[in-house]
Structure formats: structure tokens, C-alpha cells
Amino acid sequence: METARDVLKVLAGRCAFGDIEALTPLALPKEQVAPLAALCAFGQRVLDLDAEDFGMPEDVGEVPKDLLDRARASRMPQMPKEQPRGALASLRPAYALLLEVIEIRWQRREMAALVAAVHIASEYLPMLAWEPVLGHAGDPALIGAAVRGPGSRFGVPIEPGSARLCDHTRPERSACERTLRVSNEPGPGWRAYLDRQHSQVAQALGDCAARCRTPCSVMSRIDEPVRARLTERCKLAAEFTDSALVRLRHAAPVGHGFGVPSPEEVQTAWARARASLRHQGLGKAALDGAPDGPYPLPGLPAIFSAIAGAEIVPDRLLHEVAARVTASL
């Protein structure tokens, strides 16, 4: 007969941290509940991709510092001068975590949450592509040096009646203008920018490299070999954003409909996405060179790595939390 601890261990293997936190007061002695509650609250926050609070202490108890530090690498700073800069310094840890979350959501058959994670990944892929050029992940406190100056149309309003030379949409131009000054705004303005406009800056930068018909000095100041590789990475990011897998969000609660895709529909969409990604030379090379393995969306880590210009593999942060929960049981 299974004991309560056996059931909790099975839940830990599924990274069902919220369920464990709810059940431990009913199944364990009081002195064992608090340490588990803190671990589970932390694990659930990370699984839910609650990035603004990554690495923050939990109200229900103390979380080991090494886990908090690993989560902080993917945190979005909530104040303009906050240190460390987390996902504004580099998006690579965040994409490693996204890969782990996608894998866990697949194993738990939670397709709506999986599609939501894929959607988040698609929004910031252009910034991931620009990171090797910028030296950071679009940090508003630093980005001005790469996009301001003579000949730049980045965030510059279009004069009424003048020719439109910049392909950015009006929301993108507004976001680009805001990113150049938001690091001097108070906390509420900074957080509103992150919530509503930072992803638009990512898309705008992607358009600069992949789609602009009249490039300005944002691109022309970059040395040709570097610019060519950047364009290649941003074109692959745009192909992914327009792919069948990302379009599934329109049929899920995270989008505009009320249906939830089945695992079979997700697999079919990813097969179609892989076919479209192969139209890009960089995408074909990445998928052809992807190692065989058990990852549920084969080749996805290789695509993210190609766009980043650096190897990105699924993180093990949530698996480590699950292992510590199991050990404490």
C-alpha cells in the first residue's frame, strides 16, 4: 500500500510543487512542513515563469541560496538600477530555463502552459540574437551606445508629411524611444515598460537586422561579417516567431480562443515548424546537427542555440528542486 510519502515523491517527480505544498500539512509532521513549503513555493514560482520574482525569498520559509542565485540569472530587474541585471545582462540562462519548463509541461501533458512558454520564447528571440553584438540583452541602461548617433532612426518620430524610411510600426517606435530613457524613470514606470514594451523593442531590433529595406546606422555601423551573421540569426528568429508552433497560441486560452491543443497537435505543429525553419540555411544546419535525445520537441535546443550564437541546453534547476524535495521526504 502506498504511503502519503510515496504519493508526495511521485508528485515531486512530476514537479507538481503546488500540489505537494498543499498536501504536506496533511501528510507530514509539523516540523517537516516549513522547509518543504519554501522549496515547493520556489519551484512553483519558477515553473510558472514568474520572472519578476525569481530569486526572491519566499514568505513560507527559507530557500537555499544556491537555488535563489540560479533563478536570479533569469530574473527581470524590478528597479532601473537593480544589480545584478539578470535577464537584461544575458537571456541565455532564461532560455535554458524555458527549455526545461517546456520539457516538464510536456511530461505533465499541460499543452496550454507549454504553448505559453513557447510564445514567451518567441517574443524575445531577436534580443537573444542581438546579444553577441550588444554585449548584453537589450539593457535600457546600456543600449543607447549601440543605437543612438548620426544616421540612426531608432526611436525617432516620423515627421508629418515626410517619407517613411523606417519599417518599425508605431508601437515599436514608441517602445524604442522609451527604452532610451526608461532607466532614469522611477520604479513604476520601469516595470510598466518591462511589462508592455520591452518585447516590442526586441521585435524592433529583429526587424532592423532581418527585414529593414532602408537600413540606418543601427546596422551600418556594424562590421560586415558580424552584421551578416546577425541578420542570419534574426531571420531564423523571425521564421520561428511565424511558425506553426507559435501560432498554436491563437487556439489556446493564452491566445484568442478557448481550445487547448492536444499533444498530437503540438507534435504536428512542431513538425511543420521544423520544415519551415529548414528554409533558412542556419536553421537547416542547426536541425541537421541536433543530437538525438529524448527532448519532446526535437531540435528546439539547437534552434535556440543557433539564434543565440552559443550553446543553450535545458536547465536542471527544477529537477534539482524536485530532487531536494524528494530527499527531504
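Contact here means heavy atoms within 4.5 Å. Helices (H or I, at least four residues) and strands (E, at least two) are DSSP runs, numbered from the N terminus. This is a predicted model in which local features need pLDDT of at least 70 and side-chain atom pairs count only at pLDDT 80 or more, while totals for chains, interfaces and linings use all residues. Residues are numbered from 1 along each chain as its sequence is written, and side-chain values use heavy atoms, with hydrogens and water left out.

- Buried means under 20% relative accessible area, exposed over 50%, and partly exposed in between (1.4 Å probe, protein chains only).
- Helix H1 spans residues 4-13, and Leu 8, Leu 11 and Ala 12 are buried in it.
- Seen down the axis of H1, these buried residues fall within an arc of 105°, so they line one face of the helix; the arc is that of the directions from the helix axis to the C-beta atoms.
- The buried residues of H1 pack against helix H2 (17-27) and helix H17 (317-328).
- Val 10 and Gly 13 are exposed, on the face of H1 turned away from its buried side.
- Cys 15 is found in the loop between H1 and H2, and has a positive phi of about 55° although it is not a glycine.
- Cys 15 is buried, with a relative accessible area of 2%.

**Val 46 in helix H3**

- Val 46 lies in helix H3 (residues 30-47) and counts as buried, at 1% relative accessibility.
- Not counting residues up to four places away in sequence, Val 46 touches Phe 54, Leu 97, Val 101, Leu 317 and Leu 318.
- Val 46 and Ala 71 are 25 residues apart in sequence, and 7.5 Å apart in space from C-alpha to C-alpha.

**The cavity**

- On a 1 Å grid over the protein atoms alone, a cavity is a set of points where a 1.4 Å probe fits but cannot get out, and a pocket is an open set with protein on both sides within 12 Å along at least five of seven lines; lining residues have an atom within 4 Å of a point.
- Grid points are joined across faces, edges and corners, and a volume is the space filled by probe spheres set on the points.
- The structure holds one cavity of 30 Å³ or more, and the largest cavity has a volume of about 90 Å³.
- Residues that line the largest cavity include Arg 153, Phe 154, His 168, Cys 208, Cys 216 and Met 219.
- Ala, Val, Leu, Ile, Met, Phe, Trp, Tyr, Cys and Pro count as nonpolar, Asp, Glu, Lys and Arg as charged, and the others, Gly among them, as polar.
- By these classes, the lining of the largest cavity has seven nonpolar, two polar and three charged residues.

- The largest pocket has a volume of about 510 Å³.
- Its lining has 21 residues, and the closest to its centre are Leu 49, Ala 51, Met 76, Ile 120 and Tyr 124.
- Helices H5 (92-107), H6 (111-134), H9 (187-196) and H10 (198-210) are the elements that give two or more residues to the lining of the largest pocket, and H5 has the largest share, four residues.
- By class, that lining has 13 nonpolar, four polar and four charged residues.
- The second largest pocket holds about 430 Å³ of space.
- Of the 23 residues that line the second largest pocket, the closest to its centre are Ala 290, Pro 291, Gly 299, Pro 301 and Ala 302.
- Helix H15 (281-288) and helix H16 (300-308) are the elements that give two or more residues to the lining of the second largest pocket, and the largest share, four residues, comes from H16.

**Cysteines**

- A disulfide is a pair of cysteine sulfur atoms within 2.5 Å, and by this rule the count comes to zero.
- Cys 176 is in no disulfide, and the nearest cysteine sulfur, that of Cys 208, is 6.6 Å away.
- Cys 176 counts as buried, at 0% relative accessibility.
- The sulfur of Cys 208 is 5.9 Å from the closest cysteine sulfur, in Cys 216, too far for a bond.
- Cys 208 is buried, with a relative accessible area of 12%.

**Other backbone details**

- The peptide bond from Gln 83 to Pro 84 is cis, with omega near -5°, and Pro 84 lies in the loop between helix H4 (65-72) and H5.
- Arg 109 lies in the loop between H5 and H6, and its phi is near 60°, a positive value in a residue other than glycine.
- Arg 109 is partly exposed, with a relative accessible area of 48%.
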